[in-house]
Amino acid sequence: MAPATIATTIIVDLRSDTVTRPCADMLYAMVTAPVGDDVWGDDPTVNQLESEAAAMFGKEAGLFCPSGTMTNQIAIKCHTSPGDECICSDSAHIFLYEGGGMASNSGVQARVLPSDRGLISAKQIAAAINSCGIVYARTRLVCLENTTNKGGGTYYSASTLREISALCKARGLALHLDGARIFNAIEASKEYTPLDLGQIFDTISVCLSKGLGCPVGSLLLGSRDFIDRARRARKAMGGGIHQAGFIAAAGLFALKHNIKRLSEDHERAQQLGNALSGLSWVEKVEPVETNIVIVTLRPPLEPTFMQEQLKRRGLLVSSLAAGTIRLVTHLDVGQDAIDWACRVLKDFVPEDDVKDEAVSTAIY
Amino acid sequence: MCGFPVVITDVHFTQKSSCNSRTPAVMKERIVDLRSDTVTRPSSEMMHAMMAAPVGDDVWGDDPTINQLQQEAAALFGKEAALFCPSGTMTNQIAIKCHTSPGEECVCSDTAHIFLYEGGGMAFNSAVQARIISGDRGRITASQIASAINAEDAHFPTTGLVCIENTTNKGGGAFYSADSLREISELCRTRGLPLHLDGARIFNAIVASQEYSTYDIGAMFDTISVCLSKGLGCPVGSLLLGSHQFIKKAHRIRKVMGGGMRQAGFLAAAGLYALKYNVERLAEDHSRAKQLGTALSDFPWVQKVYPVDTNIVIFTLQPQYDALSVQEQLKSSGLLISSMGGGVLRLVTHLDVNQEAVDWACSLLQELKI
C-alpha cells in the first residue's frame with residue numbers, strides 16, 4: 001500500500017480489553033440509574049448489581065469495588081493472617097501486577113509455581129503446601145487466575161478446577177478465583193457455568209471493566225460472612241464510594257448484554273493469530289484460546305520498537321514479557337478494524353521506519 | 001452522546017405545601033436528607049458534563065478528563081500534582097502511608113476522621129499509631145502539637161506526621177483561623193515534620209472563614225486531601241495534592257490499594273464541573289445550617305446546640321430524651337438526620353436541600369411531639 005496524504009490517524013487499540021468504553025446504550029443505563037449513598041448502604045443500583053452477580057454465581061453476597069486489584073487484595077486479606085502463604089502461578093496478576101500488594105496489604109508471602117502458560121495443576125499445588133512446623137509459613141490460600149493474562153488468555157478445564165477444589169477442601173485451604181476474565185473462560189471452554197464456578201471456589205473476583213465493557217469496577221463474591229468482613233476491609237482501603245450506582249448500572253447492563261458476544265472477540269483473536277503466523281518478523285504465536293494473542297518477535301526485534309512502529313501505523317499493542325508483544329481483542333474493535341489490523345500486520349516490514357502520520361484507508 | 005434524554009432523580013424535596021396544610025400522608029412522601037453532604041447527587045448540568053466527557057484508560061494514563069482535573073486542582077492549590085481517588089478515605093490513607101514508615105506516630109485531633117472513621121486504616125494500611133489530642137471542637141493548636149512530638153528515644157515512636165482536619169466533622173463543622181494554621185505550619189517546618197490536610201470540607205472552611213484562599217492553603221500544607229463527593233455534589237471521588245515526587249509515590253500506593261480505575265473520566269468530569277460552579281454557593285448551605293441551629297436552640301427538648309460555623313449542626317437532647325428514638329421519629333416524618341454516638345445528633349446542609357426544604361425541616365422540628 002503506497003503511503004498517501006491522510007488527514008486523520010486511525011487508532012485501533014489492541015493494548016488491552018481494559019480500554020473499552022461504554023456504548024451509548026450502556027451510557028443511557030448509567031445516566032438513568034437510581035442512586036444513593038453506598039457508604040450508607042442506600043444505593044439501589046449497587047445493591048441490585050451485588051445481589052444479581054452473587055446469585056449468578058450461586059454466592060450469598062457480592063461487593064462492588066473500584067478495581068480488580070482491590071477485589072483480589074481484599075480477598076487475600078480476608079482469607080489470611082499476616083505470615084501466611086498464598087499459592088499461585090508464576091504469571092499470576094496478584095503476584096506480578098498488584099504492586100506487591102499481597103505482602104504490603106496482608107503480610108502474606110507468595111508461593112509461586114512454574115506454570116504451563118499460566119496454568120497450574122493440583123499435583124503442583126499439593127507439593128507446595130507447607131508442613132506444620134513453626135519454621136514454615138502457614139499455607140492458607142490458593143489462588144487461580146482464569147483466564148490467565150500473562151499466560152496468553154488460556155483457561156482451565158473443568159476437571160482440573162474440580163481436582164484443585166477437592167484438594168483445597170481436603171487440606172483445609174481457601175480457594176480464590178481471580179476471574180478478571182472469567183466470562184471469556186466460560187464462553188470459550190463451554191465446560192462450566194457461573195454456578196459451577198461458585199461451587200468450586202470459595203470466593204470469586206470478577207472484572208466488569210475489561211471485556212464486559214464497563215468503565216470502572218469489579219465484584220468480589222462470597223459468603224455473607226466473608227463479604228461483611230470484606231466490606232470492612234474495603235472501607236479501610238478507601239474503596240467506599242458514595243453514589244456508585246452510576247458505575248454499577250454499567251455492570252448490570254454488561255452482565256445482561258455483553259457476555260455472549262465475547263465469542264466474537266475470541267474469533268477475532270484467532271484471526272489475528274492466523275494472520276501473524278508465518279510473518280517474517282514473527283518467531284512464534286502462542287495458541288490463541290480466548291481474546292489474547294501473544295507473539296514472540298524474531299530477534300533482534302524489540303517490543304518497544306514494534307510498539308512504536310505499529311503505533312505510527314495506527315495500531316496499539318502492549319507487551320508483558322521480554323521479546324513479546326500482546327494483542328487483546330474486545331468489543332470496541334469490530335470486524336472491520338480487525339481486518340484492517342491484519343493488513344497492517346501483514347504489510348509491516350521492520351526495515352521501513354515510518355516517520356510520518358499513520359497511513360490508513362479503513363474505519364475502525 | 002447528545003440526543004438521549006437525561007432523566008435525573010429529582011431533588012428529594014419536590015412537593016410544595018404550606019406548613020399548616022400538611023397532612024401525615026403528604027409528609028410521608030417528602031424526604032429531606034440531612035444525614036450528610038455525601039448524599040448529594042449530580043445536577044442535570046453536572047450529569048451532562050459527566051456523560052459528554054472524553055475518557056480513556058486512566059491506569060495507562062490515557063484519560064484526558066482525569067488528567068485535566070488533576071492538573072486544574074493542583075494549580076488551584078498551588079501544588080505540583082494531584083491524584084484522583086475513589087474516596088477521601090483513600091486519599092488520606094495514601095497520604096499517611098507515603099509520609100510515614102511503619103512504627104511511626106501521627107499527631108491528630110481526637111475527633112479526626114482519620115482516627116475515628118477510616119476503619120483503623122492508619123494501623124491497617126501503614127502500621128502507624130495515632131497520637132490524639134483533645135482540641136476545641138476538633139481544632140488542635142500548635143502548642144498542643146508541640147507537646148505531643150516525641151523526643152528522640154528508642155522507647156518512643158518517632159513522630160512522623162501531623163494531620164489537621166478543616167473543617168472538623170465531629171467538631172461540628174468548625175474551621176481553623178488563618179493564624180492557627182500558619183502557626184501549625186511553621187511549627188512543623190521547624191521540627192521537620194510533614195503536615196497533611198484532611199480537607200474533606202476545605203471549601204466550606206475557605207468560604208466561611210474568608211481568611212485564606214486555596215493558594216494560601218497550598219502554601220501551608222505539604223499535602224492536601226480534598227473531597228469532591230461531599231458539599232461539591234459529585235457522586236464519587238477525592239483528590240490528593242502534593243509535589244510531583246509525592247504524587248508519583250502516591251500513585252504507586254493507590255495501585256496497590258486498588259484505587260486504579262479505568263475510564264474514570266466520567267467521574268472526573270463531575271469534579272471539574274463542581275470546582276467551577278459549586279464552591280461559592282456553599283455559603284447558602286452555611287446560612288441554612290445557621291437557620292436550623294437557631295431553630296433548634298429554641299426547642300425545650302434540645303439541651304445544647306454547638307456553634308454553627310459552616311454546614312454542620314451538632315446538638316444534644318435533654319437527658320430524658322433518647323437520641324435514637326428522636327432520629328426514628330424524624331425519619332418516619334420524612335426528615336433524615338444522623339447520629340454521632342453518645343446522644344449527639346447531627347444535621348448537614350448541602351446543595352440537594354434548598355431553602356424550602358430547610359423551612360419545612362424547621363417547622364417539622366417545631367411540631368415534633370416527643
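**Figure 1. The salt bridge of A:Arg15 and B:Asp62 in the predicted model.** In this predicted model, the side chains of A:Arg15 and B:Asp62 meet in a salt bridge, with 2.4 Å from N to O. Between chain A and chain B the count is two salt bridges. The rule also finds 23 residue pairs in polar contact across the interface of chain A and chain B, both residues of a pair being at pLDDT 80 or more.

**Figure 2. The side of chain A that touches chain B.** Several helices of chain A give two or more residues each to this side: helix 1 (24-31), helix 3 (68-79), helix 5 (101-106), helix 10 (224-236) and helix 11 (245-257). By class, the residues on the side of chain A that touches chain B are 23 nonpolar, 19 polar and eight charged. In the contact between the chains, 50 residues of chain A meet 51 residues of chain B. The size of an interface is often given as the accessible area lost when the parts come together. For chain A and chain B the buried area is about 3,800 Å², and carbon and sulfur atoms give 62% of it.

**Figure 3. The two domains of chain A.** Chain A is assigned domain 1 (24-258) and domain 2 (261-347). Their contact takes 20 residues from domain 1 of chain A and 14 residues from domain 2 of chain A. The C-alpha centres of these two domains of chain A lie 28 Å apart. About 1,500 Å² is buried between domain 1 and domain 2 of chain A, with 55% of this area on carbon and sulfur atoms.

Figure 4. A:Glu286 and A:Arg117 meet through their side chains in a salt bridge, at 3.7 Å from N to O. The count between domain 1 and domain 2 of chain A is two salt bridges. Seven residue pairs are in polar contact across this interface of chain A, both residues at pLDDT 80 or more. Helix 8 (residues 182-189) of chain A gives four residues, the largest share of the side of domain 1 that touches domain 2. That side of domain 1 of chain A has five nonpolar, 11 polar and four charged residues.

**Figure 5. The two domains of chain B.** Chain B is divided into domain 1 (6-42 + 280-367) and domain 2 (46-277). The contact involves 22 residues from domain 1 of chain B and 28 residues from domain 2 of chain B. Between these domains of chain B, about 2,000 Å² is buried, 60% of it given by carbon and sulfur atoms. Of the area that domain 1 of chain B buries against domain 2, 28% is supplied by B:Pro42, B:Leu282 and B:Asp309, more than by any other three residues.

Figure 6. The side chain of B:Asp309 meets that of B:Arg137 in a salt bridge, with 3.1 Å from N to O. Helix 13 (282-297) and strand 10 (312-317) of chain B each supply at least two residues of the side of domain 1 that touches domain 2. Helix 13 of chain B has the largest share of that side, three residues. By class, the side of domain 1 of chain B that touches domain 2 has 10 nonpolar, six polar and six charged residues.

Key:
Residues are numbered from 1 along each chain as its sequence is written. Chains are lettered from A and ligands numbered from 1 in the order in which they are written. This is a predicted model: local features need pLDDT of at least 70, side-chain atom pairs count only at pLDDT 80 or more; totals for chains, interfaces and linings use all residues. Side-chain values use heavy atoms; hydrogens and water are left out. Domain bounds come from an automatic or database domain assignment. Contact means heavy atoms within 4.5 Å. Buried area is the accessible area (1.4 Å probe) that two parts lose on being put together, summed over both. A salt bridge is a side-chain nitrogen of Lys or Arg within 4 Å of a carboxyl oxygen of Asp or Glu. Ala, Val, Leu, Ile, Met, Phe, Trp, Tyr, Cys and Pro count as nonpolar, Asp, Glu, Lys and Arg as charged, and the others, Gly among them, as polar. A polar contact is a pair of N or O atoms within 3.5 Å; within protein, one must be able to donate a hydrogen and the other to accept it, and residues adjacent in sequence count only if both atoms are side-chain atoms.
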